[in-house]
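Me: I would like to learn how to read salt bridges in a model. Please take me through some cases.

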Amino acid sequence: EVSESRTPGSFERAPRLPKGATDAQKADHDAKMADYMKRRAGFEASAKADWAAWSPDFAAHDVVVLSYNGETWPRAVEEKLEAYVSGGGKLVNVHASNNPFPDWEAFNQMIGLGWRGAEFGFRVTVNKDGTINRIPPGEDGGAGHGAKHPYVVTIHGSDHPITKGLPKVWMHGTDELYHSQRGPAENMTVFASAFDSEEIGGTGKHEPMVWAIPFGEGTVVTNVMGHLRADQEEKDAVHCVGFQTVFARTVEWAATGDVTLPVPAQFPGEDEA
């Protein structure tokens, strides 16, 4: 059984004034802005109450999947998630879910690596055997990605239930390849990495794609594949059978401690997503 909890939404963007606007366009823009500010004030009053009322029941679930990149949560909700995971709960983060909350210390510990600047914590690269290299703050740049493209994923730790039976290497569909993520990067077990080619604006190093970190009695798994914006037509990243398989097996393992989902026959090989 799956339940969904959505944070209060954000308000629409302000109307833009065209470059080289005429006097008539400026007057029209002023009128639109006045209306926009009035409606926004009403939204913010309502959103404040919505945020105060938003309190998902993490403890009622075997696993929490976080697909979120927005504003800071109320501290009471942060504390509930901290208590849930540290008490033995499981958290699965997808793609940009490691982008928010730079000032939330416990969250940074949970995810290990996030979309942070070069001075924020350690940066990690991955060796062939799945071990990691920790690069100190200020060295080797901050978080980013090159052009979207299909890329080869390398699986590490094939004895783990999530990765058992998966091909050692396989081609992921067109996606952002996150690089130079930053954070505490403590107690990381890397399940998958990808080589970030300099030809597409990458780092020339193997970057972690999927990893697990213990937090108290619980576990947090972060998977930075799966880019999809609301207005994006290209959906290969989330339609990729490899991504879907790893995600589903991660959630099952997090919820039950085991994986019964088989590797599908159409799982990608090394040459074609």
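Reply: Start with Lys205 and Asp140. They form a salt bridge, with the closest N and O atoms 3.9 Å apart. Lys205 sits in the loop between strands E10 and E11 and Asp140 in the loop between E4 and E5, so the pair ties together parts that are 65 residues apart in sequence. Keep in mind that this is a predicted model.

Me: Why count 3.9 Å as a salt bridge?

Reply: Side chains of opposite charge can pair when their charged atoms come close. The cut-off is 4 Å between nitrogen and carboxyl oxygen, so 3.9 Å qualifies.

Me: Which arginine forms a salt bridge with Asp140?

Reply: Arg123 does, with the closest N and O atoms 3.0 Å apart. This pair also links distant parts of the chain: Arg123 belongs to strand E3, and 17 residues separate it from Asp140. Arg123 is buried, with a relative accessible area of 0%.

Me: What does a salt bridge within a helix look like here?

Reply: Take Glu78 and Arg75. Their side chains meet at 2.9 Å, N to O. Both lie in helix H2, 3 residues apart, about one turn of the helix. Glu78 is buried at 7% relative accessible area, whereas Arg75 is partly exposed at 41%.

Me: Which residues are linked with them in a network?

Reply: Glu79 and Glu82 join Arg75 and Glu78 in a network of salt bridges.

Me: How many salt bridges are there in the whole structure?

Reply: The search finds 12.

Note on methods. Residues are numbered from 1 along each chain as its sequence is written. This is a predicted model: local features need pLDDT of at least 70, side-chain atom pairs count only at pLDDT 80 or more; totals for chains, interfaces and linings use all residues. Side-chain values use heavy atoms; hydrogens and water are left out. Helices (H or I, at least four residues) and strands (E, at least two) are DSSP runs, numbered from the N terminus. Buried means under 20% relative accessible area, exposed over 50%, partly exposed in between (1.4 Å probe, protein chains only).
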